[in-house]
Amino acid sequence: MGGVNNAKDYIDLMGFGYVNDAGDPVITDSLLQGGIVSVYYLGTLMGCLVGGWIGDKIGRVRTIAFGAAWAIFGATLQCSAQNANWMICARLINGWGTGALNAIVPVWATETAEHTSRGQFIAIEFSLNIFVLFGICWFFPESPRWLAKVGRDEEARYILQRLRGSEGEDAIRAENEYQDIKNVVLHERKAGHSNTYFHMLFGNSGKLHTARRVQLVIWLQIMQEWVGIAGVTVYAPTIFRIAGFSSEKSQWISGLNNIFYMFSTLICVFTLDRIGRRWTLYWGSVGQGIAMFLAGGMAAAGVAATASGNTSAASAYGIAAASFVFVFTFVFGATWLTVPWLYPAEIFPLEVRAKGNAWGVVGWSIGNGWLTLLCPVMFKAISEKTLYIFGIANVLSIPMVYCLYPESNQRTLEEMDLLFAADTPWVWDAERNFERLKLENPDLVAAASRGNSVVDAESGLKRGGSIGNDEKSESL
């Protein structure tokens with residue numbers, strides 16, 4: 001929507017402003033402009049909850065196909081919109097499809113990938129176009145966990161053998177993983193009454209601390225938008241105009257910025273599983289924060305130079321401001337774009353992973369909807385100082401991640417329950433408790449690392465200890 005928001009035909013058609021004789025857009029109804037953008041995220045909020053639910057009913061691949069088809073239908077309605085009401089409805093429908101995709105694709109990736117390459121799988125996801133995704137998803141293998149859950153055991157075993165290998169140690173590892181899935185399926189059926197969205201957020205899950213994990217993924221996604229990307233991608237032409245560029249030049253600079261953004265997403269494919277989730281967020285916050293503060297400062301200097309009639313200085317400041325916006329977008333694409341989508345798909349217990357990832361999309365929808373609605377109002381009221389707010393959000397994100405978000409990199413999905421078993425939300429307590437549990441339960445951790453089950457299907461307890469609701473276990 002970044003370029004469309006400032007196009008003359010679109011502004012005239014939607015009726016929230018006009019383009020003056022100099023060719024600059026003049027927005028007379030910033031709330032309508034922001035509302036058209038933000039209603040899309042109301043659709044994604046509803047679509048993600050539906051996607052998480054139907055993903056457990058009809059399978060991951062069919063849900064991906066459904067979400068892609070629905071999103072294409074919504075995009076078609078947007079392209080043919082003739083007025084604001086039509087566009088609002090079209091974006092709401094399009095959001096439903098995108099929400100379903102965002103809820104289920106990361107889950108499918110984590111359920112088919114090994115723990116050493118989950119980050120690569122999610123990073124590659126961001127390079128896929130929805131049309132391409134709809135065309136190729138029919139060739140994806142279905143999640144072996146979902147197949148086992150609905151009783152299609154031989155298909156689940158076959159797919160695991162194709163993914164992990166069918167000879168020697170690979171065949172043993174595939175069989176161990178299959179047995180783990182079967183045990184978890186039995187555990188899920190016994191815990192099915194506690195798998196609702198409501199119970200995940202408000203219920204008591206004992207040592208699993210599911211509600212805490214829900215809060216973590218919601219706020220990580222909200223912060224992902226407030227570090228500045230929602231404003232930069234949707235309102236980039238506005239930022240470049242503030243920096244002193246003409247409307248036409250702002251449009252093509254915005255398009256060039258998006259191309260840089262696209263290529264930067266490939267960096268995570270090679271770095272995310274090497275340096276981990278936390279360090280990826282750290283260096284992203286530092287780079288993005290510096291870029292936002294400097295972009296805002298240069299834009300302010302450009303505005304002042306223009307007011308004083310110093311056109312050469314204004315041009316230099318404008319170029320500098322645009323450059324720092326490019327730096328911000330590039331760093332974001334290499335860091336904060338991927339981790340908030342990967343983390344929810346990693347940290348939830350197996351029996352609620354699809355719904356847990358849907359909670360992350362709820363946070364993304366809230367953050368995006370809230371910010372895109374406010375952005376035109378903020379740009380109109382405080383102009384380039386809006387970028388300082390984004391810079392402050394980046395600074396605040398560093399202690400937030402340091403204190404509250406344990407590292408999930410290179411840890412098996414079975415180990416996640418141990419990682420979040422501490423009774424406090426602090427990372428240092430989680431890591432200390434995790435190390436203690438590894439020492440007290442060496443067989444349990446060894447089983448997890450081999451791909452064997454750490455869940456006793458008969459009792460629903462972890463071997464060597466409990467991280468569920470049973471208060472009689474003494475390991476924890």
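Let me begin with helices α12 and α15, which are roughly parallel to each other, a term kept for angles under 35 degrees. The axes of α12 (residues 247-264) and α15 (residues 311-334) come within 7 Å and cross at roughly 30°, and the crossing is right-handed. Where they meet, Ile-253, Phe-260 and Tyr-261 are among the residues that α12 brings, while α15 brings others, including Val-325, Phe-330 and Gly-333.

Residues are numbered from 1 along each chain as its sequence is written, and side-chain values use heavy atoms, with hydrogens and water left out.

Turning to confidence, the mean pLDDT (the predictor's confidence in each residue, from 0 to 100) is 82 for the chain, and 87% of its residues reach 70 or more. Helix α18 (residues 386-404) has the highest mean, 96, whereas helix α21 (residues 442-450) has the lowest, 51. Over residues 450-476 the pLDDT is below 50. Where pLDDT is low, predicted coordinates should not be read in detail.

Finally, Met-87 lies in helix α4 (residues 84-112) and is buried, with a relative accessible area of 7%, where buried means under 20% with a 1.4 Å probe, protein chains only. Leaving aside residues up to four places away in sequence, Met-87 touches Tyr-10, Met-14, Ile-36, Gln-78 and Ala-81, a contact being heavy atoms within 4.5 Å.

How values were computed:
This is a predicted model: local features need pLDDT of at least 70, side-chain atom pairs count only at pLDDT 80 or more; totals for chains, interfaces and linings use all residues. Axes are lines fitted to C-alpha atoms, for helices over the stretch in contact, and angles run from 0 to 180 degrees between N-to-C directions. Helices (H or I, at least four residues) and strands (E, at least two) are DSSP runs, numbered from the N terminus. Angles under 35 degrees count as roughly parallel, over 145 as roughly antiparallel, 65 to 115 as roughly perpendicular and the rest as oblique. A crossing is left-handed if the near helix is turned anticlockwise from the far one by less than a right angle, and right-handed if clockwise. Buried means under 20% relative accessible area, exposed over 50%, partly exposed in between (1.4 Å probe, protein chains only).
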